Amino acid sequence: MERILVIGGARALGAAVARRAVKDGYDVVIGARDLAAADALASEIGATALRIDLQDETTIAAAAARLEDGVDHIVMTGSAPHDVRAVDLDQDKLVAAFTAKVIGPMLVAKQFAAVLRPAGSIVLFSGIVGWRPGPGSLVKGATNGAVEFLARHLAADLAPVRVNAISPGVVDSGAWDRLGDNKAALLSKSAAGTLVGRHGETEDVVDTVMWLLHAGFISGETIHLEGGARHKTA
């Protein structure tokens with residue numbers, strides 16, 4: 001049975017990936033900063049939970065030691081949004097954002113390099129904002145853009161382990177529920193901005209993750225999962 005570690009797997013997209021992976025017969029390990037939430041989901045779906053805080057390398061090292069018998073795939077969905085304009089940047093939040101998307105995954109690669117099986121893979125998460133600059137998207141855009149290059153360089157560094165990234169557009173994964181009554185307007189605007197005429201759904205992302213796990217001739221790539229939104233001109 002192949003083992004998949006989903007970091008950020010206690011909530012939202014990560015939890016959806018963990019659920020599908022269990023359904024598809026994987027040995028699933030949920031890594032999360034909030035161990036109680038990870039434990040609750042793991043108990044529900046038949047997985048294992050470990051505490052992994054991407055801002056604390058000791059937790060990453062401890063998890064790698066716990067899984068020293070081998071990991072086939074690692075999926076990292078974590079983020080730490082800091083959606084402000086340059087004049088309002090907070091250094092601690094800026095560092096946290098880069099740690100969640102870039103520095104943390106590098107440290108995971110460091111600690112798990114000896115644990116990942118040669119036919120395995122890592123899936124990172126970028127996002128369309130990396131290719132769509134706008135006021136207030138400075139940090140998210142820079143971190144998401146960096147993920148594309150991280151995937152390329154990690155793929156070369158860890159070969160033959162494959163490393164790829166997924167760059168979703170606006171997906172109704174639960175992350176936008178915080179907008180309340182404004183959520184519907186956001187999703188509608190997003191749908192109008194794609195070539196396919198709809199916003200993304202959680203299953204779109206999960207399907208792509210599961211496909212990438214065994215897309216054995218793809219490495220160092222970023223898969224743009226946004227309905228052609230980057231190509232919409234009007």
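Buried residues (under 20% relative accessible area, with exposed over 50% and partly exposed in between, 1.4 Å probe, protein chains only) make up 49% of the 234 residues in the protein chain. This is a predicted model, in which local features need pLDDT of at least 70 and side-chain atom pairs count only at pLDDT 80 or more, while totals for chains, interfaces and linings use all residues. Residues are numbered from 1 along each chain as its sequence is written, and side-chain values use heavy atoms, with hydrogens and water left out.

The radius of gyration of the protein chain is 17 Å, which agrees with the value near 17 Å for a compact globule of 234 residues; the radius is taken over C-alpha atoms, and the globule rule is 2.2 Å times the number of residues to the power 0.38. The C-alpha trace spans about 50 × 40 × 35 Å along its principal axes. Of the contacts (heavy atoms within 4.5 Å) with a separation of 6 or more, 68% join residues 24 or more positions apart.

The protein chain has 7 helices and 9 strands, counted as DSSP runs numbered from the N terminus (helices H or I, at least four residues; strands E, at least two). Helix H4 (residues 91-112) and helix H5 (residues 138-158) have axes that come within 10 Å and cross at roughly 10°. That angle makes H4 roughly parallel to H5, a label for angles under 35 degrees. Axes here are lines fitted to C-alpha atoms over the stretch in contact, and angles run from 0 to 180 degrees between N-to-C directions. Among the residues making the contact are Leu94, Phe98 and Met106 of H4 and Val139, Val147 and Leu154 of H5. The contact residues divide into 14 nonpolar, 2 polar and 1 charged.

Ser79 sits in the loop between strand S4 (71-76) and H4. Ser79 is partly exposed, at 46% relative accessible area. Beyond residues up to four places away in sequence, Ser79 touches Ala100 and Lys101.

Asp172 belongs to strand S7 (residues 171-172) and is partly exposed, with a relative accessible area of 23%. Its contacts outside four places in sequence include Lys183, His199 and Thr202. Asp172 and Thr202 are 30 residues apart in sequence but 6.3 Å apart in space, C-alpha to C-alpha.

Thr202 is also one of the buried residues of H7, along with Val205, Val209 and Leu213, among others. Helix H7 (residues 202-213) has 12 residues and reaches 17 Å from its first C-alpha to its last, close to the expected 16 Å; the expected span is 1.5 Å times one less than the number of residues.

Key:
Parallel < 35°, antiparallel > 145°, perpendicular 65-115°, else oblique. Nonpolar A, V, L, I, M, F, W, Y, C, P; charged D, E, K, R; others polar.
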